[in-house]
Amino acid sequence: MGAVLYLDTSNSFSPSRIAHILDELPISLIKEPKDMRLKRVMSSIICESVFDIFALFEVLDRLEVSLNCKVTNGSNKICLLIIDSVSSLLAPIIGGKNSQGRSMMISVAMILKKLAHKHNLSVLVTNHMVAGNGAPKPALGESWKAAPHIRLMISRDRGSNICTATTLKHTLLACGRHMKFQFLPS
């Protein structure tokens with residue numbers, strides 16, 4: 001199928017979390033033993049720690065070189081890039097009177113879009129929410145809103161394991177659609 005590149009900005013990646021997710025999949029869909037399935041899935045995930053914007057640029061540059069090489073030699077390529085969380089890398093350099101942070105944010109967005117388009121790569125970035133005038137707002141503000149093709153807001157009801165995913169921006173679906181889902185205790 002392909003590989004996943006997970007860029008971890010907060011040391012939150014954990015093989016035990018992946019095992020828990022796999023354990024929650026319906027058994028009827030899986031025809032292999034748990035340990036073999038976990039080993040196969042973990043072997044397709046490449047996790048890199050990234051703690052500042054310059055390290056992100058370096059990893060994205062290496063990724064582009066790698067994708068260009070993989071296309072020509074036909075080997076298994078990265079199909080999904082996850083940046084968890086892009087706001088932890090960009091928030092420290094945005095704001096104030098320094099416009100350099102905003103231009104770096106726009107550069108990240110342009111690089112991600114170019115990688116997605118040129119290499120048929122799916123890109124998932126997380127952005128945390130901050131309080132603002134009584135309603136939660138994306139931490140990266142208005143400038144980031146135009147960057148993704150699809151924006152979802154996932155929220156959890158206080159004191160429960162019920163969550164809501166709301167479509168904020170989509171190229172094909174109407175905005176404002178939402179779906180509730182539940183995290184089951186393990």
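**A hairpin, an aromatic pair and a surface patch**

In the hairpin formed by β5 and β6, two residues lie between the strands, and Asn133 adopts a positive phi near 55°. This description refers to a predicted model. Gly132 is placed opposite Ala135, a residue of β6.

Of the 186 residues in the chain, 29% are classed as buried. Among contacts between residues at least 6 apart in sequence, 57% join residues that are at least 24 apart. The accessible surface of the chain amounts to about 12,000 Å², and carbon and sulfur atoms contribute 60% of that area.

Aromatic pairing was also examined, and the count is one aromatic pair. The ring centres of Tyr6 and Phe13 lie 5.1 Å apart with their planes at 50°, so the pair is tilted. Tyr6 has a relative accessible area of 10% and is therefore buried, given that the cut-off for this class is under 20%.

A nonpolar patch on the surface is formed by Ile150, Leu152 and Ile154, which together present about 300 Å² of accessible area. Ile154 is located in strand β7, which spans residues 151–156. With a relative accessible area of 57%, Ile154 is exposed, the cut-off for that class being over 50%.

How values were computed. Residues are numbered from 1 along each chain as its sequence is written. This is a predicted model: local features need pLDDT of at least 70, side-chain atom pairs count only at pLDDT 80 or more; totals for chains, interfaces and linings use all residues. Side-chain values use heavy atoms; hydrogens and water are left out. Rings of Phe, Tyr and Trp (its six-membered ring) pair if their centres lie within 6.5 Å; planes under 30 degrees apart count as stacked, over 60 as edge-to-face and the rest as tilted. Buried means under 20% relative accessible area, exposed over 50%, partly exposed in between (1.4 Å probe, protein chains only). Two strands pair if DSSP finds at least two bridges between them. Helices (H or I, at least four residues) and strands (E, at least two) are DSSP runs, numbered from the N terminus. Patches are made of residues with over 30% relative accessible area and no salt bridge: like charges are joined within 9 Å, nonpolar side chains (Val, Leu, Ile, Met, Phe, Trp, Tyr) within 5 Å. Accessible areas come from the Shrake-Rupley method with a 1.4 Å probe; for residues, only the protein chains shown count as cover. A salt bridge is a side-chain nitrogen of Lys or Arg within 4 Å of a carboxyl oxygen of Asp or Glu. Contact means heavy atoms within 4.5 Å.
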